[in-house]
2 protein chains.
Amino acid sequence: MINQPIVKPHIYGPGFDMDNYFKIAVSVDCVIFGFDDNVLKVLLIKCNLPEFENQWSLLGDLVRPEEDLDSASYRILKERTGLDDVYLEQVHTFGSLDRHPKGRVISTAFYSLVNIRHHQLKLSDNELHWHPVNEISEMAFDHKLILDTCYERMQQKIREEPIVFNLIEKKFSLRELQNLYEAILGLKLDRRNFRKKFFLTGLLLDTHELEKDVPHRPGRLYRFNKSKYIKLKKNYFGIDF
Amino acid sequence: MINQPIVKPHIYGPGFDMDNYFKIAVSVDCVIFGFDDNVLKVLLIKCNLPEFENQWSLLGDLVRPEEDLDSASYRILKERTGLDDVYLEQVHTFGSLDRHPKGRVISTAFYSLVNIRHHQLKLSDNELHWHPVNEISEMAFDHKLILDTCYERMQQKIREEPIVFNLIEKKFSLRELQNLYEAILGLKLDRRNFRKKFFLTGLLLDTHELEKDVPHRPGRLYRFNKSKYIKLKKNYFGIDF
DNA sequence: GCAAAAGTGTTCACATTACACCCATGG
DNA sequence: CCATGGGTGTAATGTGAACACTTTTGC
């Protein structure tokens, strides 16, 4: 037998008929991060496939023909959390042959940052649950790998851009903000240096309000200076006139 | 009419039949970088769709049912350049509804780094051509966007890891190495600091050979200390015993 | 001996880290 | 008045940027 390469229709070649080509299912999976009780958490759902009985999986769904990948992710978030103004970032596409027991499914992974407090109502579905990120070991499919990949990417990202504000209330104390960074990065930060560094960015607006009901000196509450952040981003790319 | 959400079969739900679901074609596109004549180049092919007549496109193909995404990229590289030990990194998946005129195609973009000199033979296909990255304006499909995305990611990556050695000969002078970094990053570097920084990494092995046929004092030739690099990576993750 | 690039160290500015004391509030 | 965390500044250290002169080769 002669060792000849199999010739298949090329997508950019003439005579290519999309409908007669094979099928691979396309899905998205969302790693939805939340922050609660000073712990970083992720929203998971009980998997109902017999192959993964009693295991947890990410929230995902097939991509519909009339929606792009981002839209599919936003749809899932909206359906599951009721939120629609969330931070969303694409991370990686997972395409191993055997990653789904029902057939060939490739899945594009996104992570998003939401405020846990803002969607309590939708949590009625008792198959949904917030899990501390650091306590998750096994998951259905390759979802542990997806979770780890997204978590690492998110850790990287918060070192570059202040996306964490999506996880907390509009008004927050510096202590809360620092707790958040420490929970995400998994390390302790110096309180004074943290404060100094953040003020230098100019991204914090003093609300002139104070914490309430704390058993110690109350801290000031701040808001995120979003417009300044947008300006800074523009300047960084040199488009500000 | 009641505003009720459309219920579609859920991929993880019971009774889901993969075959009866819709079809989205899955492809990969490769941004193949090379370095020649002190210029960063990318390998493109003439697009033969009437919609993009005379425009250039990336090398890509549909993903076959029996191969994963990485394998598809390697296959394309092998087919087009004859190389099979190349650096390859997945970057992003592009899924806009209208990105392909023939139908719904989502495409996962990879970039790879190859040595232009090592595959001259396969370039016989005169539809293939190396283009200086900085001289490309228009491309077929959304390929300019894909190229830009991959280029930015690659620029980021070489600031963190010495993947550039995939682009040059085994033996090289420091000047060549610096030219490469300057071409990729698009800026001038200080010769002395560049030299200092690289020697500190310990990733350069002196071959005790010299450049030849240069009209000035010849520089020393070095090799990349790959085993040391692998060790460093392991140590970084704390797995070295 | 001249042109052209190789090879080499030191200084300076800036950014990051480490660190200690007083203050405001609730109980 | 005491416990708890809020609020502030300074010194030391490390890192990256700037920079000039001598050396070696080809012509």
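**Notebook: salt bridges, strands and turns**

I started with A:Glu182, which is buried at a relative accessible area of 9%. Here buried means under 20% relative accessible area, exposed means over 50%, and partly exposed lies in between (1.4 Å probe, protein chains only). The areas come from the Shrake-Rupley method with a 1.4 Å probe, and for residues only the protein chains shown count as cover.

Before going on I noted the ground rules. This is a predicted model, in which local features need pLDDT of at least 70 and side-chain atom pairs count only at pLDDT 80 or more, while totals for chains, interfaces and linings use all residues; side-chain values use heavy atoms, without hydrogens and water. Residues are numbered from 1 along each chain as its sequence is written, and chains are lettered from A and ligands numbered from 1 in the order in which they are written.

**Salt bridges**

I looked for the partner of A:Glu182 and found A:Lys188, with a salt bridge of 3.4 Å from N to O. A salt bridge is a side-chain nitrogen of Lys or Arg within 4 Å of a carboxyl oxygen of Asp or Glu. A:Lys188 is exposed, at 73% relative accessible area. Over all chains, the count by this rule is 32 salt bridges.

I then checked A:Glu89 and A:Arg153, whose side chains meet in a salt bridge at 3.9 Å, N to O. A:Glu89 belongs to strand S5 (residues 87-94) and A:Arg153 to helix H2 (residues 143-158) of chain A, so this pair ties together parts 64 residues apart in sequence. Helices (H or I, at least four residues) and strands (E, at least two) are DSSP runs numbered from the N terminus. A:Glu89 is buried at 15%, whereas A:Arg153 is partly exposed at 23%.

In chain B I noted a salt bridge between B:Lys171 and B:Glu209, with the closest N and O atoms 2.6 Å apart. B:Lys171 sits in the loop between helix H2 (143-158) and S8 of chain B, and B:Glu209 sits in strand S9 of chain B, so the pair ties together parts 38 residues apart in sequence. Both ends are partly exposed: B:Lys171 has 37% relative accessible area and B:Glu209 has 32%.

I also listed a network of salt bridges that links A:Asp61, A:Glu67, A:Arg75 and A:Glu79.

**Chain A and strand S1**

I counted out the elements of chain A as five helices and nine strands. Along the sequence they follow β-β-β-β-α-β-β-β-α-α-α-β-β-α. Of the 241 residues in chain A, 50% are buried.

Two strands pair if DSSP finds at least two bridges between them. S1(A) pairs in the parallel sense with strand S6 (residues 105-113) of chain A over nine bridges, and A:Ser27 has A:Ser107 in S6(A) as its bridge partner. S1(A) runs antiparallel to strand S4 (residues 59-62) of chain A, with four bridges; there A:Cys30 is partnered by A:Leu59. Four bridges also join S1(A) to S2(A), again antiparallel, with A:Gly34 opposite A:Lys41.

**Positive phi in two loops**

I looked at the hairpin of S1(A) and S2(A), which has two residues between the strands and A:Asp37 in the turn. A:Asp37 is not a glycine, yet its phi is positive at about 60°. A:Asp37 is exposed at 62%.

A:Asp213 also has a positive phi of about 60° without being a glycine. I placed A:Asp213 in the loop between strand S8 (204-210) and strand S9 (220-224) of chain A. A:Asp213 is exposed, at 82% relative accessibility.

**Sheet in chain B**

I traced an open sheet of three strands in chain B, in the order S8-S10-S9 with antiparallel pairing. Strands S8 (172-173) and S9 (204-210) are at the edges with a single partner strand each, so one side of each has no neighbour in the sheet. S8(B) is joined to strand S10 (residues 220-224) by two bridges; B:Ser173 has B:Leu221 as its bridge partner.

**Surface patch**

Last, I noted a positive surface patch of A:Arg175, A:Arg191, A:Arg195 and A:Arg217. Patches take residues with over 30% relative accessible area and no salt bridge, joining like charges within 9 Å and nonpolar side chains (Val, Leu, Ile, Met, Phe, Trp, Tyr) within 5 Å. Lys and Arg count as positive, Asp and Glu as negative, and His and the chain ends are not counted; a charge is placed at NZ of Lys, CZ of Arg, CG of Asp or CD of Glu. A:Arg195 lies in helix H4 (residues 191-201) of chain A and is partly exposed at 36%.
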